[in-house]
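Dear colleague,

I am handing over the structure below, and after it you will find my notes on what came out of the analysis. Please read them alongside the coordinates.

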Amino acid sequence: VWFEDQGLVEEAISHAIAAGDPDRAADIVEQHRIEAFDADEWPSVERWLKMLPDEIRRQRPGLILMEGWIAYIRLQLDQFPSIIERCKAAAGNRVLDDPLQAELEFFEGDIDFWMGDAEGSRQKIGAALEKVGDRRCFIEGEMQLTLALARSLGGDRDGAVQYLKQRIHDAPSSAPIYLTKLRGSLAIVHLLDGDLARVLAEAKPLNALTTSNDL
């Protein structure tokens, strides 16, 4: 408890495991994952997961979805079907909380995107964003990125650009990782359209944002 209160998450996990309380260790991982992703410290999340017993990791949908985000960051898209299947198996007959259900639906929508089903991806990720909550975090930012790309792939590039500009306008300055994802999304949409002047225009504030926040 003391280590966690001091922000020393890895030490807190280690002590919980040493005390024979792996469920408490898993609780700590789940409670601190968002702030770690938002700080661009996803390797820490990967280390935390490896500290937990395999049995606990198989039983908790939240931990399985964390593995999904690590795979997403590493572009290991081939792992998504297994992640989705394992998550649903771990949930069983339980209804997942909205934020976790949103993440599960996002991975399904991301598969659709890479399979070329722009409309299927747009629908699933749009539904996921309605459940994720107003967290303005890394996870929501990645959802917005793929949604914009799906809209662009489906022929609605202008709509995707206007949507992202509105999200950027509404985003608080206190959510730098979220803003980074939005500005990066806008740059990518212009890049795929071959509009290099607009890519450059978006890349400059993106670079300033990531530099000033050590992202």
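Does threonine 210 count as buried or exposed? Threonine 210 counts as buried because its relative accessibility is 18%, where buried means under 20% relative accessible area, exposed over 50% and partly exposed in between, with a 1.4 Å probe and protein chains only.

Before going on: this is a predicted model, in which local features need pLDDT of at least 70 and side-chain atom pairs count only at pLDDT 80 or more, while totals for chains, interfaces and linings use all residues. Residues are numbered from 1 along each chain as its sequence is written, and side-chain values use heavy atoms, with hydrogens and water left out.

Threonine 210 lies in helix α13 (residues 196-212), helices being DSSP runs of H or I with at least four residues, numbered from the N terminus. A polar atom of the threonine 210 side chain lies 3.0 Å from the backbone oxygen of asparagine 207. Setting aside residues up to four places away in sequence, threonine 210 touches Thr180 and Leu215, contact meaning heavy atoms within 4.5 Å.

Alanine 148, in helix α10 (residues 138-153), is buried, with a relative accessible area of 0%. Leaving aside neighbours within four places in sequence, alanine 148 is in contact with Ala160, Leu164 and Val189.

In helix α4 (residues 42-51), the residues Ser44, Val45, Glu46, Trp48 and Leu49 are buried, and the buried residues of α4 pack against α2 (9-18), α3 (22-38), α5 (54-59) and α6 (61-73).

Best regards

Terms used:
Helix = DSSP H or I, 4+ residues; strand = E, 2+ residues; numbered from the N terminus. Polar contact = N/O pair within 3.5 Å; in protein donor to acceptor, adjacent residues only side chain to side chain.
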